[in-house]
Amino acid sequence: MSGSYDDSVGVEVSSDSFWEVGNYKRTVKRIDDGHRLCNDLMNCIHERARIEKVYAQQLTEWAKRWKQLVEKGPQYGTVERAWCAFMSEAEKVSELHLEVKGSLMNEDFEKIKNWQKEAFHKQMMGGFKETKEAEDGFRKAQKPWAKKLKEVEAAKKAYHAACKEEKLAISRETNSKADPALNPEQLKKLQDKVERSKQDVLKTKEKYEKSLKELDNVTPQYMENMEQVFEQCQQFEEKRLRFFREVLLEVQKHLDLSNVASYKNIYRELEQNIKTADAVEDLRWFRANQGPGMSMNWPQFEEWSADLNRTLSRREKKKASDGVTLTGINQTGDQVSQPNKHSSLSVQSNTVQSVQSSYNPFEDEEDTGSTVSEKEDSKIKNVSSYEKNQSYPTDWSDEESNNPFSSTDANGDTNPFDEDTSPAMEVRVRALYDYEGQEQDELSFKAGDELTKMENEDEQGWCKGRLDNGQVGLYPANYVEPIQ
């Protein structure tokens, strides 16, 4: 036998090497991936910019709401100013985050978009010019070597087939020598076939070796040409990678507020405002303006006078000018005749006794009819049961009309301090943004969720609604839209 042969040699082993025919397509695909990655990075930046915008809006709404609550609440003096400093901080930080949003979209997003447009050129027939150039370059460099490789594969196949035929002919000849039924002529044919098989093996082996040598001769040029095209693709990809690094650094600078001087100043100013809070100063102010330090027009003997204006008693003067300041009461046409918004309220009932309306801090809440412990108003979400500007009557009276805490006013209307229970038209709405409730009586929902609006928007921009699970609470009115 003139050549060795193994059945396993004929099995083709797949290779993942770059040098295999057609495996350059991964390098070509990287160009298309570069264009897609530009789109992905733009989408990433766009989503972050949208988050910055929503966060800025939430900060502004939070600051506006709590600034009103603190200003109307019972807190006073330097602590009030320190508290309000948090809202000023939120407004300033909101402006900075809007600037971040603008930088991301106007600078970074546009920069990527313009670079992508300059780096990738679309063709009329689809695809990109850069992709086609790389594809054509690799195909041209690989074509001669691929042709020689095809000849080698054919020669190898022929040689292996000849070896297999030789082995089969030898096996038949050996078996025929032990068979007495075969005549000499048949045996001679088998021997001739063995001889021809050996000659075929020699010929196919020589051709196989020759084709391999030719392939080896063209391989260096093949590798050089492929390297050139690959290096061009590498240079193109290097530009993209360097550009992405540059853009990501720009995004980092825009997002990093810790290096922004104005951002540091915001919290430096906030700290200073908080440190200026002085308990002693606030107590001194309260004593002078609300406590024993206030001036008093003590009663003195007054001579009778014919002047009609001087016949008014001290009590009548107070009734004409003083009263209880009530918030949330709008004057109607029937109330035009009342002197002002400080007019007193009364309970028209024959079955209840009159309650003194003057404020006495030493009386029990049951005796004064105080509603300090009542639940906070669900519409404006006030943090206290009274406002700092609320005034109290200074005269004694048995008239129920002077009681600011009576359940009904002179016209029989409901107590303005009670929760609004007036029915309203329920409307289905859909959430535009995610909202996480900050208080127990606030609703939480995700963008796209549907709920029922139970009451219209109030002065503070809040609505009362009900989720599909039955939970009732408040939510920002501008976070939803009606379902058409």
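Glu214 is partly exposed, with a relative accessible area of 26%; partly exposed means between the limits for buried (under 20% relative accessible area) and exposed (over 50%), computed with a 1.4 Å probe on protein chains only. Its partner is Lys148, and the two form a salt bridge whose closest N and O atoms are 3.4 Å apart. The term salt bridge stands for a side-chain nitrogen of Lys or Arg within 4 Å of a carboxyl oxygen of Asp or Glu. Lys148 lies in helix α3 and Glu214 in helix α4 (residues 184–255), so the pair ties together parts that are 66 residues apart in sequence. Lys148 counts as partly exposed too, at 24% relative accessibility.

A word on the model itself. This is a predicted model, in which local features need pLDDT of at least 70 and side-chain atom pairs count only at pLDDT 80 or more, while totals for chains, interfaces and linings use all residues. Residues are numbered from 1 along each chain as its sequence is written, and side-chain values use heavy atoms, with hydrogens and water left out.

**Overall layout**

The protein has eight helices and five strands, and from the N terminus on the order is α-α-α-α-α-α-α-α-β-β-β-β-β. Helices (H or I, at least four residues) and strands (E, at least two) are DSSP runs, numbered from the N terminus. Of the 484 residues, 32% are buried. The exposed surface comes to about 32,300 Å², with carbon and sulfur atoms supplying 51% of it; such areas come from the Shrake-Rupley method with a 1.4 Å probe, and for residues only the protein chains shown count as cover. Among contacts between residues at least 6 apart in sequence, 73% join residues at least 24 apart, where contact means heavy atoms within 4.5 Å.

The structure holds 24 salt bridges.

| Arg26 | Asp16 | 3.2 Å |

Arg26 and Asp16 meet in a salt bridge. That pair links distant parts of the chain, with Arg26 in helix α1 (residues 25–72) and Asp16 in the segment before α1, ten residues apart. Asp16 counts as exposed at 59% relative accessibility, whereas Arg26 counts as partly exposed at 45%.

What separates Lys156 and Glu153 in helix α3? They are three residues apart there, which means about one helical turn between them. Lys156 is partly exposed at 21% relative accessibility, and Glu153 is partly exposed at 33%. Elsewhere, salt bridges that share partners join Lys25, Lys132, Glu135, Asp136 and Arg139 into one network.

Asp282 sits in helix α6 (residues 279–290). Asp282 is buried yet has no salt bridge, and the nearest side chain of opposite charge, Arg81, is 5.5 Å away; for charge, Lys and Arg count as positive and Asp and Glu as negative, with His and the chain ends not counted. Where does the side chain of Asp282 reach at 2.7 Å? The answer is the backbone nitrogen of Thr78. Not counting residues up to four places away in sequence, Asp282 touches Tyr76, Gly77, Thr78 and Val79.

Gln116 belongs to helix α2 and is buried, with a relative accessible area of 9%. A polar atom of the Gln116 side chain lies 3.0 Å from the backbone oxygen of His35. Apart from neighbours within four places in sequence, Gln116 is in contact with His35, Cys38, Asn39 and Met42.

Thr131, found in helix α3 (residues 129–177), is buried at a relative accessible area of 12%. Leaving out residues up to four places away in sequence, Thr131 touches Val28, Ile31 and Asp32. The C-alpha atoms of Thr131 and Cys233 are separated by 9.3 Å, although these residues are 102 apart along the chain.

Trp83 is in helix α2 (residues 77–119) and is partly exposed, with a relative accessible area of 35%.

Conventions: A polar contact is a pair of N or O atoms within 3.5 Å; within protein, one must be able to donate a hydrogen and the other to accept it, and residues adjacent in sequence count only if both atoms are side-chain atoms.
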